[in-house]
Structures are given as structure tokens and as C-alpha cells.
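Visitor: I am new to this structure. Please show me how to read a few of its features.

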Amino acid sequence: TRTPVNVTVTGAAGQIGYALLFRIASGHLLGADVPVNLRLLEIPQGLKAAEGVAMELDDCAFPLLRGITITDSAATAFDGANVGLLVGARPRTAGMERGDLLQANGGIFGPQGKAINDHAADDIKVLVVGNPANTNALIAQRNAPDVPAERFTAMTRLDHNRAVAQLAKKAGVTVDDVKKVTIWGNHSATQYPDLFQAEIAGKSGFEATGSDQAWVENDFIPTVAKRGAAIIEVRGASSAASAANAAIDHVHTWVNGTPAGDWTSMGIVSDGSYGVPEGLISSFPVTTKDGKFEIVQGLELSDFSRARIDASVAELAEERDAVQQLGLI
Ligand code: NDP
């Protein structure tokens, strides 16, 4: 029998956590034959609710779920962790300045990075979901100097999946006909969902959606980038199940590989590819294999794409400068 994989989830008692934990425990994160131990990290006020979720997890009698630990100590939560899903974050509240938001998140992701550095397993893989995800991931990564930088990633898979769904709808095909979509840059309103490199049922993404630049600029890109707000307006609550699903997809793809002829989008530490300054955690097109990923190289970028990428990357550089000034990295 296989040794269980230790999966740590922060903010475990939150909305996304509630949509995430049951799928991890049922085998969707790593595979239907991989047993897991769940480590639930919460702030003290969240511990009781986390215990309630653990009771429900027990009641599912998941064959793959070998143990549940609930704690408010990052050191305990990340002890021996193989996968870390960093969901809990300080949300922006009305009237909050960006500096305050970054400061508050630095107080969460700095210590968590350090705990990962000191206590996680050698093969630790980290996905940051909590916003601002790219910069929170940067803070955690910089606080974990002994962990290879490429183990820290930020989630743009939800944006990626949203883009795939929009393109399939527009082109009148099923989602599995849509390949090579890319989210570039920051998981924020400046992100650049790129259909020009995409392939849809044998055509380019642009052709398959009617070769309509106005649709790309005024419809496709804003629909993907502002989908979170649209869900809140219609559902009355923020997207949680789709965010959890994207987190599952992100890790599953990282561990199990991208299919031939396709790639995915991940926020990863830049190696300078496509002019993105080295060290920033920015979203790129990546292929994955055997638990490792590579940035897809050699894509020809139009002036339009270049300008969109540059704008989102400039925002990432500003966020990095801000957390640097605050002494968080
Ligand atoms: P959610 O579970 O809804 O969201 C958690 C984080 O995910 C937020 O930062 C949110 O950002 C982000 N997020 C990323 N993508 C999405 C998306 N598509 N839709 C919605 N959110 C997205 O928040 P809750 O308030 O329900 O739960 C948070 C939990 O985290 C609480 O239980 C809290 O106690 C806990 N927490 C734990 C910490 C820790 O373990 N150290 C630290 C801080 C909080 P956004 O706000 O921008 O929507």
C-alpha cells in the first residue's frame, strides 16, 4: 500500500475550503489510488468550523482519507507536507488601502513560507489561491529560501478554465476541442487571456471565434477578467466551487502532466521568458510532466498581446516593489 500524501489546506473552514476538501479526500487531487492525510490550518476563530467540516469528512467514509489534523499552527500544519494549498487570505475590505492589504497578507504568507521552509517535505508543491495570489505566492516563496523557487505557484487556472468555456461557447464546440489557451500575467483585472495561440477544432482561436478583434477586446477579455464579480452579482456569493475545482485541476495537472497537444496556465516564478522580469510570479503557458513544468517557448506575440502582457506584468512589478518596501520580502 502507498504511503499517504500529506495535503495541507489553509483557510480550510472557508467557502473554497468547503468545496475543496471533499474532492481532495475522494481522490480528485492526486489520483484515485493515492491515500491522503489532510492538514487543516485555520485562524483560531475558524477552528471550530474546521472541526465541523472534519466531522462531515468522517461521515463520507472516504476510503482514501487516512487522517485529518486541525490546527492553528503553521508549523504543525506544514510538518511533512507534500502539497500545500494556500487558500486563506486577508480579503480587501471597504476603504482598505493596497498597502494595508499587502501588509496583512504579508503577516499570513510570510510565516507560512517560513513554516514550509522549515517543516515541509522535500517534494513540497505549493499552490496559492488566496488573493492577491501572485504576490502572496511571492511573499511565501521569498520566505522559504531553502525550497526550490519553482515549487511556489499561484492559481490562474480558474481564469484559464473560464476562458476555455467562453471560447467553446463562442465557437460552438465542446470544451475538449479548445486547446492552448493562455492566461498571462497577474490573477487580477489586468490579466491577459490569450486566444491567438489557441487551437479550436483545427482552427486558430481567433478564426474559430469569427476573427473579430472587437469581440476579443470588448467581450472575451473583460468577460474572463471580470467573471468573479459577475458571479457575485448573480449568485449573491463569490465563486467557490469553481475556484476549488481550478485548484484541483492545477495540482492534478502539475503532478500528472498536460495532455499531448495542449498546455495549461500557471503563475510561476519567471525565468525571464517573454520579457517577464526574473523572479516575478507571473502566469505563463506551461507544459507539465512528472511533477515538473516548463514554459512553452517560441510563441510569436503580436503588438496587441505584447502590450497586454506588459501591462499586467507592470502591475506585478508594482506589487513586488510595494511588498519589498514594506519589508515583507
Ligand atoms: P473563500 O474561501 O471564499 O476565499 C479564500 C481566498 O481565495 C480569498 O483570498 C479569495 O480572494 C481567494 N479566491 C481566489 N480565487 C477566488 C475565486 N474565484 N472566488 C472566490 N475567492 C477566490 O473565503 P472565506 O472568507 O470563505 O474563507 C477564508 C477562510 O480563511 C476563513 O475560514 C478564514 O478564517 C481563513 N483564514 C485562514 C488563515 C490561515 O490559515 N492562516 C489566514 C486568513 C484567513 P478574494 O477575497 O479576492 O475573493
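Visitor: From which domains does the shell around the ligand draw at least three residues each?
Guide: First, a caution: this is a predicted model. To read a shell, ask where its residues come from. Here domain 1 (5–154) and domain 2 (157–319) each supply at least three residues to the shell around the ligand.

Visitor: Which residues come nearest the ligand?
Guide: A residue counts as near if its C-beta atom, placed from the backbone, lies within 6 Å. There are 26 residues around the ligand. Gly 11, Gly 14, Gly 46, Gly 88 and Ala 89 come nearest.

Visitor: Which helix gives the most to that shell?
Guide: Helix α1 does, spanning residues 15–25. It contributes three residues.

Visitor: How many residues of each class does the shell have?
Guide: Sort them into classes and count. The shell around the ligand has 12 nonpolar residues, 12 polar ones and two charged ones.

Visitor: What does UniProt place at residues 156–323?
Guide: An unreviewed UniProt entry puts the feature "domain: Lactate/malate dehydrogenase C-terminal" there. In the model, that span is 46% helix and 18% strand. The C-alpha atoms at its ends lie 21 Å apart.

Visitor: Over how many bridges do β7 and β10 pair?
Guide: Two bridges join β7 to β10 (residues 199–200) in the antiparallel sense. Look at Val 178: its bridge partner in β10 is Ile 200.

Note on methods. Residues are numbered from 1 along each chain as its sequence is written. This is a predicted model: local features need pLDDT of at least 70, side-chain atom pairs count only at pLDDT 80 or more; totals for chains, interfaces and linings use all residues. UniProt positions are given in the numbering used here, feature names are shortened, and annotations may be inferred rather than shown by experiment. Helices (H or I, at least four residues) and strands (E, at least two) are DSSP runs, numbered from the N terminus. Two strands pair if DSSP finds at least two bridges between them. Ala, Val, Leu, Ile, Met, Phe, Trp, Tyr, Cys and Pro count as nonpolar, Asp, Glu, Lys and Arg as charged, and the others, Gly among them, as polar. Domain bounds come from an automatic or database domain assignment.
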